[in-house]
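Work through the exercises below with the model open. Each task is followed by a stepwise solution.

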Amino acid sequence: MKNLVRQWIMAIGVFFLFYSTLHAKVSDNYSLVWAEEFTANGKLNPSHWTFEKGFVRNKELQWYQKENAYCRNGVLILEARKVQRKNPLYVKGNRQWRKKRAFIQFTSASVTTKKHHSWKYGRFVIRAKIQTDKGLWPAIWFVGEKGKWPHRGEVDLMEYYRGTLLANACWGSKQEGKPRWDRNKFPLSSLGDRDWDKKFHIWRMDWNEKEIKLYVDNKLLNSIDVEKARNPKNKLPLYPFKQPFFLRLNLAVGSNGGNPNGTEFPAKMEVDYIRIYQKLKK
């Protein structure tokens with residue numbers, strides 16, 4: 001009986017902690033509307049997250065699978081592993097990049113809130129740590145709900161490859177499938193810390209109807225004019241950054257990341273928390 005009472009008290013305490021966190025203010029104008037603290041060890045909650053699977057994009061080397069994403073000690077870990085197994089998509093003589101590879105040499109994880117959660121405007125705060133070894137391409141990014149890429153819009157709050165940290169946004173151009181980019185690049189050496197990749201950092205996106213501002217550790221990386229980020233008239237949505245966006249976290253290998261030869265695996269991208277704030281309605 002005493003154990004049952006103790007469990008109830010603990011459950012009530014956890015509920016009120018969650019409730020107070022969810023409704024906490026980050027400022028006089030913002031309130032927390034969604035958060036992931038990754039406190040439960042094991043798999044991600046499938047009611048919040050979807051897992052990408054297979055060879056997905058950019059001719060990257062990794063095969064995405066849900067087994068490479070897990071929570072441990074309050075942190076989400078996306079883990080890239082070196083493997084050697086048959087590619088189930090392989091077709092001898094086929095020249096399509098997903099099918100011409102006889103073997104899967106790397107696995108990793110890509111998780112998204114697509115079809116579960118999306119947001120229009122707000123402050124997005126993500127505390128994460130990334131490895132910067134050769135061949136790795138970690139990213140924290142947002143994609144518009146409606147339209148085809150790139151006309152649906154994309155915001156790369158963080159992506160890293162080949163010694164460079166990037167903060168980007170893209171939208172459509174008149175040429176089908178070709179994006180218009182607003183990019184800013186920062187060599188890791190410019191961040192002033194030799195052990196930068198050994199530490200957690202806080203990435204933040206402030207997004208309203210006029211602009212998108214991207215930060216790391218309160219350093220402004222890029223500012224995008226929402227009104228100027230406009231698709232051609234025959235491509236919808238006309239203003240891609242005036243619609244809800246969903247979140248994606250992934251750790252890619254190869255492609256823009258370069259050749260991973262010499263890098264020790266497993267490699268990890270770690271996410272401590274995600275906190276999303278929106279302005280209070282008056």
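**Exercise 1.** With which residue does Arg81 form a salt bridge, and how far apart are the closest N and O atoms?

Solution. The model is predicted, so side-chain atom pairs count only at pLDDT 80 or more.
- Step 1: find the partner. Arg81 pairs with Glu79.
- Step 2: read the distance. The closest N and O atoms are 2.7 Å apart. The cut-off is 4 Å.
- Step 3: classify Arg81. Its relative accessibility is 26%, so Arg81 counts as partly exposed.
- Step 4: classify Glu79. Here the value is 9%, so Glu79 counts as buried. The limit for buried is under 20%.

**Exercise 2.** Find the salt-bridge partner of Arg123 and state which strands the pair ties together.

Solution. 
- Step 1: the side chain of Arg123 meets that of Asp206, at 2.8 Å from N to O.
- Step 2: Arg123 lies in strand β8 (residues 122–130), and Asp206 lies in strand β13 (residues 201–207).
- Step 3: take the separation. The pair ties together parts that are 83 residues apart in sequence.

**Exercise 3.** Locate the salt bridge between Glu227 and Lys242, then decide whether each residue is buried, partly exposed or exposed.

Solution. 
- Step 1: the closest N and O atoms of Glu227 and Lys242 are 2.6 Å apart.
- Step 2: both residues lie in the loop between β15 (219–225) and β16, so the bridge ties together parts 15 residues apart in sequence.
- Step 3: Glu227 has a relative accessible area of 39% and is partly exposed.
- Step 4: Lys242 has 28% and is partly exposed.

**Exercise 4.** How many salt bridges does the structure hold, and which residues are linked with Arg248 in a network?

Solution. 
- Step 1: the structure holds 13 salt bridges.
- Step 2: Glu52 and Arg57 are linked with Arg248 in a network of such bridges.

**Exercise 5.** Give the strand order of the open sheet of seven strands and name its edge strands.

Solution. 
- Step 1: the order is β2-β7-β16-β9-β10-β11-β12, and the pairing is antiparallel.
- Step 2: the edges are β2 (50–51) and β12 (179–187), each of which pairs on one side only.
- Step 3: take one pair inside the order. Strands β9 (residues 136–144) and β16 (residues 245–253) run antiparallel and are joined by nine bridges.
- Step 4: Ala139 stands opposite Asn250 in β16.

Terms used. Residues are numbered from 1 along each chain as its sequence is written. This is a predicted model: local features need pLDDT of at least 70, side-chain atom pairs count only at pLDDT 80 or more; totals for chains, interfaces and linings use all residues. Side-chain values use heavy atoms; hydrogens and water are left out. Two strands pair if DSSP finds at least two bridges between them. Helices (H or I, at least four residues) and strands (E, at least two) are DSSP runs, numbered from the N terminus. Buried means under 20% relative accessible area, exposed over 50%, partly exposed in between (1.4 Å probe, protein chains only).
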